[in-house]
Amino acid sequence: MSYPFQIKSYEQYKEVYKQNVDQPEEFWGDIAGQFVWRKKWDKVLEWDFKKPDVKWFINGKLNITENCLDRHLDKIGDTPAFVWEPNGRDEAHKVFTYKELHFKVSQFAHVLKNNGVKKGDRVCLYMGMVPELPIAMLACARIGAIHSVIFGGFSAQSISDRLQDAHVEYIVTGDGAFRGGKDIPLKNVIDDALVTCPFVKRVIVYVRTQAPISMIKDRDVWWTDEVKKVEAQGNPVVAAEEMDAEDPLFILYTSGSTGKPKGVVHSSAGYMVYTTYSFVNVFQYEPGDIHFCTADIGWITGHTYIVYSVLCAGGTSLMYEGLPTWPDAGRLWDIVDKHKVNIIYTAPTAIRSLMAYGLTPIEGKDLSSLKVLGTVGEPINEEAWHWYDEHIGKKRCPIVDTWFQTETAGILISNLAGVTPAKPSYATLPLPGIQLVLVDEQGKEITGNDVSGNLCIRFPWPSIIRTTWGDHERCRLNYFATYDDMYFTGDGCYRDADGFYRITGRVDDVLNVSGHRIGTAEVENAINMHTGVLESAVVGYPHELKGQGIYAYVIMDGMPENKQLAQADIAQTVARIIGPIARPDKIQFVTGLPKTRSGKIMRRILRKIAEGEMANLGDTSTLLDPGVVNDIKDGRV
Ligand code: PRX
């Protein structure tokens, strides 16, 4: 494959950017023309941010899996689509060529059909990082079912909420998952979730860890048995279902400022076109490159940059089952050495935790195959950026700091590797098609350079969120109602004197812990479910490794006798209700919270105390009971 839309110089970037602003429809129509369609679109774009209603490639018909798989079979059918590296060093890796992947996807699509899954049905995938996860995703897409992947770290309660929200009747899971030194009991968690979801008709179980699990008659079936049935049917190829450009491809839940996660919905065509465009340009992917994204497929980064965009581009995606620091901090660099990885894409949190182990884990590892390094998910501090540059890239690999969100599906702000300038801790410049605006609290545009504001986008791009599942008004209120005729990202941003963008973090009540998005309201709801808790308030604070840590202020019905045990119990409740990623790092028992006379908690004060900035708490005169602040300061943990 060649990529006619790959930008090759800074000058060209500027031209292409302008071209897109001037004629966005012609621009995206040309790019979309590089893909395989069953029927061409009638019109490129219709949009109205007020509703919001955004449609791309109207009346175009396609199936994304024909773009990911079928169209590659003749030319690069024997090229690896996936290289899978297992959790431990002693197990052999696996390679799936495009032909093999096509076969497996078709086979599992048949399994889904045999089990009653139809176009438009929602299928929950709760699996570890095994190749069967992307196979199941693609099999859903093949038959037009909508997948909802749930990260393997979420609890039964979180799964149940998501299954109910999208009325999911089909689940694909594993007996368990290996992640570092842990075996995650996936099926047990699903069993617990299903106590409250009697509408689930079928659970297909892939065996990975051989953990003992329950299998309920008439509901649970084994992946391998189902595959055998398809083999007995002669492995008929499942033709891809014809999908409308705007048919939903998947739902992915993410946290917002309310207590309930929202199901972000992405379409088929727009998602495919934009994400592939971003992949080829940001990473400057060349055919044959080995692309290693260390994210979990349970997050948007994994969906887009392990699975769909890489396969659409005919690339080779390396997928790793385990953790960067297990069994030791040399694991990632072994993988780079062993598979001659060309592009590595990871989170600042991973870089910071690897930095903490020093340089010994890198010694003796041949990293000379690397061409491009990437980061995503949170602001990268300069120290981590320079460590990555010096010790991993050996100062010869451009670093792309890529900014995006579950809602944007693909990278919107990033330098293009080696093509446009990099700047430590800056996402730098928007991709063509992305019209950024900084606004003040009133929504007034802040023009000029060396300015900060709330980050908005004024024109749709093909992979913009279409709706939040089952609640379109929520989508409008969350993203399109804060400022007129603009998509609001929820992030604060600085534009420097040269016009480069630096993301400064969330401006809403959303935390970014180790690159994972967690709503403070969600954590508060979970804490409040703990026995004896009367009220709580959760804020973020700077954490050396995680970027942000979770600090919880908790009012109990009487101060606990054993504070340590009570803290551990509350943390356990949160892990049970949401999942271990939301476990608070610090819990302080307080007798009151700083509230205004109207009862609103002044989080600004709580944030400052959590950050240790006790001296300058600002104006506290509007508080109902200013005395409470001193007590909180004194009890800081
Ligand atoms: O605050 C921004 C931060 O992560 C948020 C999106 O989280 P999520 O939807 O889970 O997707 C994470 C993976 C794309 C953003 O609103 N964020 C993401 N990338 C960066 C970032 N913050 C700073 N720099 C980045 N490169």
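Student: Where does P327 lie?
Tutor: Helices (H or I, at least four residues) and strands (E, at least two) are DSSP runs, numbered from the N terminus. On that count, P327 is in the loop between β17 and α12 (331–339).

Student: What kind of model is this, and how are residues numbered?
Tutor: The model is predicted: local features need pLDDT of at least 70, side-chain atom pairs count only at pLDDT 80 or more, and totals for chains, interfaces and linings use all residues. Side-chain values use heavy atoms, without hydrogens and water, and residues are numbered from 1 along each chain as its sequence is written.

Student: What is omega for the bond that joins W326 and P327?
Tutor: W326 and P327 are joined by a cis peptide bond. Its omega is about 0°.

Student: Which loop holds P52?
Tutor: The bond from K51 to P52 is also a peptide bond in cis, with omega near -15°. P52 sits in the loop between β1 (43–48) and β2 (53–58).

Student: What is the phi of F57?
Tutor: F57 belongs to strand β2. F57 is not a glycine, yet its phi is positive, about 55°.

Student: In what order do the strands of the seven-stranded open sheet run?
Tutor: Two strands pair if DSSP finds at least two bridges between them. The pairing here is mixed. The order is β5-β4-β17-β16-β18-β19-β20.

Student: Which residue in β18 is the bridge partner of C293?
Tutor: β16 (residues 290–293) and β18 (residues 343–346) run parallel, joined by three bridges. Across them, C293 has as its partner Y345.

Student: At what angle does helix α11 run to β16?
Tutor: Axes are lines fitted to C-alpha atoms, for helices over the stretch in contact, and angles run from 0 to 180 degrees between N-to-C directions. Helix α11 (residues 300–312) lies across β4, β16, β17, β18 and β19. Its angle to β16 is about 165°.

Student: Why is one side of β21 and of β25 left without a neighbour in the sheet?
Tutor: The open sheet has four strands in the order β21-β22-β24-β25, paired antiparallel. β21 (436–439) and β25 (501–506) are at its edges, so one side of each lacks a neighbour, as each has a single partner strand.

Student: Which residue in β22 stands opposite V439?
Tutor: β21 and β22 (residues 451–457) run antiparallel, with four bridges between them. Opposite V439 stands N454.

Student: How far apart are the axes of α16 and α17?
Tutor: V523, A526 and I527 in α16 meet I570, T573, V574 and I577 in α17, where contact means heavy atoms within 4.5 Å. Six of the contact residues are nonpolar, one is polar and none is charged. The helices pack at about 120°, and the distance between their axes is 8 Å.

Student: How far is an oxygen atom of the ligand from the side chain of T406?
Tutor: A polar side-chain atom of D491 is 2.7 Å from a ligand oxygen. A backbone N or O atom of E378 lies 3.4 Å from a ligand nitrogen. For an N or O atom in the side chain of T406, the distance to a ligand oxygen is 2.6 Å.

Technical notes
Nonpolar A, V, L, I, M, F, W, Y, C, P; charged D, E, K, R; others polar. Polar contact = N/O pair within 3.5 Å; in protein donor to acceptor, adjacent residues only side chain to side chain.
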